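Here are some notes for a first look at this structure. Please read them with the model open.

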Amino acid sequence: MTSREVEDDSAQAELTQEKKQTIDRTIMGLPVLAFIPLAIIALIAVSFTTEGTGMTAAFAVVISLGGVLMWVGSSIPYFKVIGGGVVLCILVPAIFKYVGVLPGSIEGLVASFYDTSGFGEFVVAALITGSILGMPRSLLIKAGARILIPIIVTIAACLAVLGLVGELTGVGAGYAIFFVAGPVLGGGVAAGAIPISEIIAQNGDQPASAYLTVLVPAVAVANIICIVVAAVLNTVGKKQGHRFRAFNGEGVLAQGVKLPEGTAEKLTSPAAAVKLATTGFFLAGALFTVSNLLSDLAPALHAYVFLIVICALVKVFVPLPEYVEASVDLWYVFVANSMIPAILVAISIIAINLEEVLSLVSDPGYMLMTLLTVVIAAVVAGFVGWLVKLYWIESAISAGLGLADFGSSGDLAVLQASQRLNLLPFLSISSRIGGGIVLVALSALAPYLL
């Protein structure tokens, strides 16, 4: 290498470092010293207004809190390694609500906005559509069917090991499987904990609501553990990813496939970017409405499952124009970068009950079994995925943590912590289809273990 090439590389490295430092000093594109005062003003203003001031005010609240918390958590040494920004977005608003710091007007505004607007559906539809239609066709074909193998093996391994642990510790296999492993692997509260409580009630002497109170803390704590594990896997992949073959795919699930360059980096015209993003916005919404209709006709399957199937079929069998793929990819990039901290804050405010979480943390046995379930899920999914030609880390995240997190919102938090948002379709498969397999397995085991 010539001295001129060395100088050029050094200059490029300095520019990259300078750009990174500039990004670190901004929140949502604004300088930190401008964003934080504006966020404080917005939160105070909403606190003194009447409840239910609409979408604009709600966006101001969740983006203000999400932006600041993500920046703080990502700026703390060592804490950022375990997904500090995501952890703060999930926990701090719930803590504020628990101690009474969060004004009722803000809580009511966010809850009303989230339930009425379908904010979660808006974000997930954009990410699923963009990540599938924007991914290489070869990746979808190679990884789509293969991901089911580690999902099934992971479920079987977790239920078997937790059942054995329950017997050895004296709490019983039924308790360990139905009150710990089941709700952790079930795909969240609505799709997992609630139907599991009904399965238990059918074989118990109390109503489902009494059992649900015991199941929800495991789901919440497991989700936090999943976020930490995802961030640790990301860090290990960066530092030790070269240690053995096919350990770190750097966001690619199947071995032998490369991701294309990001569409957003290719664009030079703002007008073209706006036009493409608008097209992507429309396509995501149109495909989701079709998926929602199919879910109404076949309620056993969630709309996200139909959306994944529709997008996958289109990607495999329909030759899409390049601008269509570019449009959904750009809309995905916009939503991923601007909305994920906001949706994590909203979920924290409306869905995380800190009192229930604390009750679980105070029971070391319950806590250890919850931790064990998540760790087994990640390790088994990573190893089995590696055996079927998937990358170890990506399979551990997709088939393991995708099973053990909070469902759709948990998928987003895990992927944000692992810096692998393009894996969302595969985590959705784990949450939805894997969660369904868990319910079938528990239904079959209930008469014998409860």
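1. Axes here are lines fitted to C-alpha atoms, and angles between N-to-C directions run from 0 to 180 degrees. Keep in mind that this is a predicted model.

2. Start with helix 7 (residues 137–144) and helix 14 (residues 303–317). Their axes come within 9 Å and cross at roughly 125 degrees. Helix 7 is therefore oblique to helix 14. The crossing is left-handed. Helix 7 brings Arg137, Leu140 and Ile141 to the contact, and helix 14 brings Ala312, Lys315 and Val316. By class, that is 4 nonpolar, no polar and 2 charged residues.

3. Next, take helix 6 (residues 119–133) and helix 13 (residues 270–297). The axes come within 9 Å and cross at roughly 105 degrees. An angle of 65 to 115 degrees counts as roughly perpendicular, so helix 6 is roughly perpendicular to helix 13. Glu121, Phe122, Ala125, Ala126, Thr129 and Leu133 of helix 6 meet Phe281, Ala284, Leu287 and Phe288 of helix 13. This contact has 8 nonpolar, 1 polar and 1 charged residues.

4. Now the rings. There are 14 aromatic pairs. Tyrosine 175 and tyrosine 366 are edge-to-face, 6.2 Å centre to centre, with 70 degrees between the planes. They sit 191 residues apart, in helix 9 and helix 18. Tyrosine 175 is partly exposed at 29% relative accessibility; tyrosine 366 is buried at 5%.

5. Tryptophan 331 and phenylalanine 334 are stacked, 5.4 Å centre to centre, with 25 degrees between the planes. Both lie in helix 15, 3 residues apart, so about one helical turn separates them.

6. Which residues form one aromatic cluster? Phe59, Phe113, Tyr114, Phe119, Phe122, Phe281, Trp331 and Phe334 do.

Notes
Residues numbered from 1 in each chain as written. Predicted model: local features only at pLDDT ≥ 70, side-chain atom pairs only at ≥ 80, totals over all residues. Heavy atoms only, no water. Helix = DSSP H or I, 4+ residues; strand = E, 2+ residues; numbered from the N terminus. Parallel < 35°, antiparallel > 145°, perpendicular 65-115°, else oblique. Left-handed = near helix turned anticlockwise from the far one by under 90°. Contact = heavy atoms within 4.5 Å. Nonpolar A, V, L, I, M, F, W, Y, C, P; charged D, E, K, R; others polar. Phe/Tyr/Trp six-rings, centres within 6.5 Å; stacked < 30°, edge-to-face > 60°. Buried < 20%, exposed > 50% of the residue type's maximum accessible area, 1.4 Å probe, protein only.
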